[in-house]
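Hi,

Here is the structure I said I would pass on to you. Have it open while you read, and I'll walk you through what turned up.

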Amino acid sequence: MELQLVFKCTNGKKRIIIINNPREDVTLEEATTVMQLIIEKNIFDSSYGDLTEIVEARMHTCEYNVLL
């Protein structure tokens, strides 16, 4: 499982920060609070420009079904 934090950058493109193995009970409020802090502190360099806007926070899971 991974938590994906999706931002819009100054050039208009989206950038995703992935956190592997987050707590399963992460709330939208917790995620958006952290995302806003990341934007305010401008702590990541990106070829897309600065992170400027929250797009979404989502949990991504992958499930395998063995056929054989």
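Let's start with a quick one: is Cys 9 buried or exposed? Cys 9 is buried, because its relative accessible area is 2%, and buried means under 20%. Before we go on, keep in mind that this is a predicted model.

Now try the other cysteine on my list, Cys 62. With 54% relative accessibility, Cys 62 counts as exposed, since the cut-off for exposed is over 50%. As for disulfides, the count comes to zero.

Next, the overall layout. The strands make an open sheet, arranged β2-β1-β3, with antiparallel pairing. On average, neighbouring strands here are turned by 20° against each other, ignoring direction. The helix, α1, lies across β1, β2 and β3 and runs at about 150° to β3.

Have a look at how β1 and β2 go together. The two strands run antiparallel and are joined by seven bridges. To find one of them on your screen, go to Phe 7: its bridge partner in β2 is Arg 15. β1 and β2 form a hairpin, and four residues sit between the two strands. Gly 12 is in that turn, with a positive phi of about 90°. How far is Gly 12 from Thr 32 in space? Their C-alpha atoms are 19 Å apart, and in sequence the two residues are 20 apart. Gly 12 is partly exposed, as its relative accessible area is 46%.

While you are looking at backbone angles, check two asparagines as well. Asn 21 is not a glycine, yet it has a positive phi of about 55°. You'll find Asn 21 in the loop between β2 and α1, and it is exposed, with a relative accessible area of 65%. Asn 42 is not a glycine either, and its phi is positive too, at about 50°. Asn 42 lies in the loop between α1 and β3 and is partly exposed, at 40% relative accessible area.

Now for the inside. Which residues make up the largest nonpolar core? There are 10 of them: Leu 3, Leu 5, Phe 7, Cys 9, Ile 17, Ala 31, Met 35, Ile 38, Ile 39 and Leu 51. The elements that give two or more residues to the core are β1 and α1.

Ala 31 is found in helix α1 and is buried, with a relative accessible area of 6%. If you leave aside neighbours within four places in sequence, Ala 31 is in contact with Leu 5 and Ala 57. Asp 50, on the other hand, is 19 residues along the chain from Ala 31, and their C-alpha atoms are separated by 19 Å. Then go to Ile 39: with neighbours within four places in sequence left out again, Ile 39 is in contact with Phe 7, Leu 51, Thr 52, Glu 53 and Ile 54.

Last, zoom out to the whole chain. Its C-alpha trace spans about 50 × 25 × 15 Å along the principal axes. The radius of gyration is 14 Å, whereas a compact globule of 68 residues would have one near 11 Å. What share of the 68 residues is buried? Buried residues make up 21% of them. And if you take the contacts between residues at least 6 apart in sequence, 56% join residues at least 24 apart.

Cheers

Definitions and conventions:
Residues numbered from 1 in each chain as written. Predicted model: local features only at pLDDT ≥ 70, side-chain atom pairs only at ≥ 80, totals over all residues. Heavy atoms only, no water. Core = buried A, V, L, I, M, F, W, Y, C linked by side-chain atoms within 4.5 Å. Buried < 20%, exposed > 50% of the residue type's maximum accessible area, 1.4 Å probe, protein only. Contact = heavy atoms within 4.5 Å. Disulfide = S-S within 2.5 Å. Pairing = 2+ DSSP bridges. Axes fitted to C-alpha atoms, helices over the stretch in contact; angles between N-to-C directions. Rg over C-alpha atoms; globule rule 2.2 N^0.38 Å.
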